[in-house]
Amino acid sequence: MTKVLYTGSFDPITKGHMNIIEQASTLFDEVVVAVLQNSKKTSGFFTLEERLELVKKIYQTCENIKVITGSGAAVDIATLHECKAIIRGLRGLTDFDYEIGMAGINKDISNGEINTVCLFADNNYQNISSSMVKEVFSLDKPITKYVDPIVEEAMEQKRLLFRRGEQHGS
């Protein structure tokens, strides 16, 4: 059985992320999706637990997609879950430049055990990022084209809670 790891903060998970996961699920026996905390960001739109639950809900009926959380180096998570490679999604040349460096480092620190496999998102998902989705959402513009309905609903619920909190605070 060939297992691969796909990591991300997924704040929120986008249709671009989902496209990469779904491509990987047709190429490999199992895709382990690890929802991680981005150490460079002190806060996010969703908590780690909320993101984990959203991704689990999206893939609850997919037998070869396992959703976990973890911390530390991706190669350590891959080794722990017996993955042969780390999947990375590419949107353009800047992603490629970064990922080629990370691929070498990951292979080195895993003693040559963990490879990196890069997949390109389909054309209609090339420009979607979690940051872009949050920006569009903050402008009260529709995000249906960019996220799963489960994520859109969760974002709308957060907006309602936030607005209620503002109203009670005044």
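Author: Start with a pair of charges. Aspartate 95 and arginine 91 join their side chains in a salt bridge, at 3.3 Å from N to O. The model is predicted. Aspartate 95 is buried, because its relative accessibility is 17% and the cut-off is under 20%. Arginine 91 has 39% relative accessibility, so the residue counts as partly exposed. Elsewhere, shared partners join Asp140, Glu156 and Arg159 into one network of salt bridges.

Helix 4 runs over residues 93-109 and has 17 residues. From first C-alpha to last, helix 4 reaches 24 Å. That is close to the 24 Å expected at 1.5 Å a residue.

Which residues of helix 4 are buried? Asp95, Glu99 and Asn106 are. Why do these three belong together? They sit on the same side of helix 4, because they cover an arc of only 25° around its axis. The general rule is helical repeat: with 3.6 residues a turn, residues three or four places apart in an α-helix point the same way.

Now the other face. Turned away from the buried side of helix 4 are the exposed residues Leu93, Asp97, Ile100 and Asp108.

What do the buried residues of helix 4 pack against? Their neighbours are helix 3 (74-80), strand 4 (85-90) and strand 5 (115-120).

Asparagine 106 belongs to helix 4. Its relative accessible area is 10%, so asparagine 106 is buried. Leaving out residues up to four places away in sequence, asparagine 106 touches Val75, Ile86, Ile114 and Thr116.

Just after helix 4, asparagine 111 takes a positive phi of about 55°.

Helix 4 also faces open space. The largest pocket has a volume of about 1200 Å³. This pocket is lined by 40 residues, and the closest to its centre are Thr7, Gly8, Ser9, Asn38 and Arg88. Which elements give two or more residues to that lining? They are strand 1, helix 1 (15-27), strand 4, helix 4 and helix 5 (130-138). Helix 4 gives the most, with six residues.

Next, helix 3, one of the packing partners of helix 4. Alanine 78 has its place in helix 3. Alanine 78 is buried because its relative accessibility is 0%. With residues up to four places away left out, alanine 78 touches Leu5, Cys83, Ile86 and Ile114. Ile86 and Ile114 are also among the contacts of asparagine 106. The C-alpha atoms of alanine 78 and valine 4 are separated by 7.4 Å, though these residues are 74 apart along the chain.

Valine 4 brings in glutamate 30. Valine 4 is one of the residues that glutamate 30 touches, along with Thr2, Lys3, Asn64 and Lys66, not counting residues up to four places away in sequence. Glutamate 30 has its place in strand 2. At 14% relative accessibility, glutamate 30 counts as buried.

Glutamate 30 also meets lysine 3 in a salt bridge, at 3.7 Å from N to O. Lysine 3 lies in strand 1 (residues 3-8) and glutamate 30 in strand 2 (residues 30-35), so the pair links distant parts of the chain, 27 residues apart. Lysine 3 is buried too, with a relative accessible area of 13%.

One more pair spans further elements. Glutamate 50 and lysine 158 form a salt bridge, with 3.0 Å between the closest N and O atoms. Glutamate 50 lies in helix 2 (residues 48-58) and lysine 158 in helix 6 (residues 149-169), so the pair ties together parts that are 108 residues apart in sequence. Glutamate 50 is partly exposed, at 31% relative accessible area. Lysine 158 is partly exposed as well, at 25%. The whole structure holds seven salt bridges.

One side holds the buried residues Asp95, Glu99 and Asn106.

Technical notes: Residues are numbered from 1 along each chain as its sequence is written. This is a predicted model: local features need pLDDT of at least 70, side-chain atom pairs count only at pLDDT 80 or more; totals for chains, interfaces and linings use all residues. Side-chain values use heavy atoms; hydrogens and water are left out. Helices (H or I, at least four residues) and strands (E, at least two) are DSSP runs, numbered from the N terminus. The expected span of a helix is 1.5 Å times one less than its number of residues. Buried means under 20% relative accessible area, exposed over 50%, partly exposed in between (1.4 Å probe, protein chains only). The arc is that of the directions from the helix axis to the C-beta atoms. Contact means heavy atoms within 4.5 Å. A salt bridge is a side-chain nitrogen of Lys or Arg within 4 Å of a carboxyl oxygen of Asp or Glu. On a 1 Å grid over the protein atoms alone, a cavity is a set of points where a 1.4 Å probe fits but cannot get out, and a pocket is an open set with protein on both sides within 12 Å along at least five of seven lines; lining residues have an atom within 4 Å of a point. Grid points are joined across faces, edges and corners, and a volume is the space filled by probe spheres set on the points.
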